[in-house]
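Trainee: I'd like to learn how to read a few features of a protein model. Could you walk me through this one?

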Amino acid sequence: MKLSLNWLKEFVDLEGISPEQIRDELSLKTAEVEGFEVKGAGISGVVVGQIITSKSHPSSKKPLNVLTVDQGGKIVPVVCGCPNSSKVGMKVAFAKVGAVIHGGFQVKEAALAGEASHGMCLGADELGMLGFQTNLIEIDQKVPTGTPIHEALPELGDVIFEIDNKSVTNRPDLWGHYGVARELSVIFNKKLRPLPVSDLSKFDGKTSVSVKIESPDDCYSFGAFKVENIMVKQAPQFIQTRLYYCGINPHGFLVDLSNYIMLELGQPNHAFDASRVGAMSAGRGNGGKFVTLKDQEIDAKSDYLFIKSDGKPVSLAGIMGGQSSMICDGTNSVVFEFATFNPWTIRRTSQDLGIRSDSSARYEKSLDTNLNKVGAARAVKLLGQLDKGARVASNFNWQIAKPTTEKTIELSKKYLERFTGIKFDYKVVKKNLAGLGFRPVIKGDAISITVPTWRATKDINLAVDVIEEIVRMHGFNNIEARPPHVELLPVEKLAEKRVVDDIKDLLVNKFNLSEVHTYIWAGTGELEVLNSVAGGRPTIRNSMAESLFKIKGDRVFEIGEVFREGKSIKELGILLQSKHASREELYKELGSIIRDIIPGVKFKLGEGLYSFLHPKNNASFVGGFVGIVKTQNAAVACISLNDLENYLTFTPVKNIKVSRFPKTTLDFTITHDGVFGEVESILEKFKNELVTGFRLKDIYGTKYTVEFTVLSYEKTLTAEEIQSVHRAISEFIKSKGLKVDE
């Protein structure tokens, strides 16, 4: 969205404030300014000239006029091809020899069709004020010849700011110059001038344009009035230039006036040729074809909202007018329509048709219904100023289905200051809020804010929204960066989370397992998913074992979801496989791991719950199973964790204290006919202040290699001290009836 500095200056005094300051302050406090462009800055050597004589070139193939032009005390010959260059006495923009015009083009002496030409008479496009033009720009007769063009046409020089539309999505009031001027008045502590409007009540006694809201869910308000005897055909140059600088091409007086009000207030509106419309209404379409004013033919679906004349669609509501009622050259009476529509209705229709317009962009932002009357009053004011013969022929007939109303928000100074960490000057707070259009009442600790209707549609709803208004005008850049004064208290883990974490710590730290994560899809299972994203695996697994079989790791585990017996179950799966140990050894080790997780567990041998288990070397227990895998040198176990309280009794692994001194490991090979769990229970009873732990390192038949870690937290151990620990461990093992390989 583009904004004209000249236009903004009509409503707030910005003299002495540079474009850079406006860009920076507006970006910090209101909306992101992507940049600005200085218009007319490259124009030089152009003055007001007057055509003294004009005659048609007798032999030129193209229509040319040979002129004499007074450039301010000096008359020079000029050749010009513009149709209106034959108008003797007209004052024009004249580029002297050596002048620089739009696009950096330098004017030189030339001979055209055999005639000398000492300069150029310019159209508005050659000054960069409009697009392609065929006529010369006409300047007020009161302006003396020789006057620099920037003085004669103050609208030529302007600064155009570009606002990032995304940053004002929630601010419909900023989609017009007056709303932005309101922001600048507060930012720079300047007074906002009132918008010049007419009093619509003086037309109350006139007849009404028939207006009806057929679909109150789509059209919240709808008003119209009629103007007759319109004689002006072209908008003044300042209106055309402002529209052009802001991205809209001029199309004639009435259309330009409609667009001017939209860019000024953010209130879209539409002008209908009064001779082509009758009773007006706003309602859903009835099917059939509809042709827009840009010759686009659309199928009028039943959920599209239209403005209708005598029941027939004449405008695609909020998006684009229709060809059947468009303004034409002969239009001298017009019906102006001002309305507010459901933003979702406009958005849906616009997206469905692929038609976006400046009007639809604003209606999608949730406009204030009260803006209809302001727009109508502004239109009447401008008509009276620009076309003295125009006559308002009706009252403003305004129908409201869902009015926008003010709202009140309460907060306290204590809450505001705790939320922001800022001590405010509340005189400044009150002044800023009032400048933005709020009505603040501050008594003691209480702050009561009445939100104006133009901010109450979807912007300001909560106390934090008001806080944002206060803080942004205080200046985010004025907030001291410091950590918040917040008391941080540790949160106790939920029992379920604690148990799962402790099980993981046990498996990783004590048994040297690695955690893995696999997909829930499986080749077999009870629950089949339609349109599965996993090709060839349409079911959800019923055991974690099936997922772990696809893992290449030797010692892995996973806690995941399975679907079994009609319900979702959280299950722990463990897989041990090795090239150096037999299936039986892995099976025994896995049994000891389960005993650690579930102390006192009771195994029931040879259950064979799953087809992948060895028919004899398997066991079940409450909540799970363990066994040798038939097709792999591996052992697998699965434990249901749905009833996590069953596992609250095991002792979790404690955090390991770190020493800055080197550690030593001592290996002992112990011969035992039973499972390692029996050996482990014996070794756990050995106590020595230098032994910090042990682990099963390897299994070969009935031989278990156990690694003890020897470490001091106070010093580096000597060889004698380490040897002493070795003897103590060896003697303890032998004292328990176990054989130690020397």
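Trainee: What covers the buried residues of α16?

Mentor: Keep in mind that this is a predicted model. The cover over the buried residues of α16 includes the helices α13 (495-510), α15 (583-597) and α17 (719-735), along with the strands β37 (664-671), β38 (691-700) and β39 (703-710).

Trainee: Which residues of α16 are buried?

Mentor: Helix α16 spans residues 676-683, and F676, G677, V679, E680 and L683 are buried there. They sit on the same side of α16, because they cover an arc of only 160° around the axis.

Trainee: OK, now two helices at once. How do I read a packed pair?

Mentor: Two packed helices are described by the angle between their axes and the distance between those axes.

Trainee: Which residues meet where α13 and α15 touch?

Mentor: From α13 you have L506, L507 and K510, and from α15 they meet I593, D596 and I597. Sorted by class, the contact of α13 with α15 has 4 nonpolar residues, no polar ones and 2 charged ones.

Trainee: Let me try another pair. At what angle do α6 and α9 pack?

Mentor: About 135°, and the axes of α6 (residues 253-265) and α9 (residues 371-386) are 10 Å apart. So α6 and α9 are oblique to each other, and their crossing is right-handed. On the α6 side, F253, L257, Y260, I261, E264 and L265 make the contact; among their partners in α9 are L371, V374, R378 and L386. By class, the contact of α6 with α9 holds 11 nonpolar, 1 polar and 2 charged residues.

Trainee: Where is N189 found, and is N189 buried or exposed?

Mentor: N189 is in the loop between α4 (177-187) and β12 (211-213). N189 is exposed, with a relative accessible area of 53%. D295 also has a positive phi, near 65°, and is a residue other than glycine. D295 lies in the loop between β16 (289-291) and β17 (297-299), and D295 is exposed, at a relative accessible area of 56%.

Note on methods
Residues numbered from 1 in each chain as written. Predicted model: local features only at pLDDT ≥ 70, side-chain atom pairs only at ≥ 80, totals over all residues. Heavy atoms only, no water. Axes fitted to C-alpha atoms, helices over the stretch in contact; angles between N-to-C directions. Helix = DSSP H or I, 4+ residues; strand = E, 2+ residues; numbered from the N terminus. Parallel < 35°, antiparallel > 145°, perpendicular 65-115°, else oblique. Left-handed = near helix turned anticlockwise from the far one by under 90°. Contact = heavy atoms within 4.5 Å. Nonpolar A, V, L, I, M, F, W, Y, C, P; charged D, E, K, R; others polar. Buried < 20%, exposed > 50% of the residue type's maximum accessible area, 1.4 Å probe, protein only. Arc of directions from axis to C-beta.
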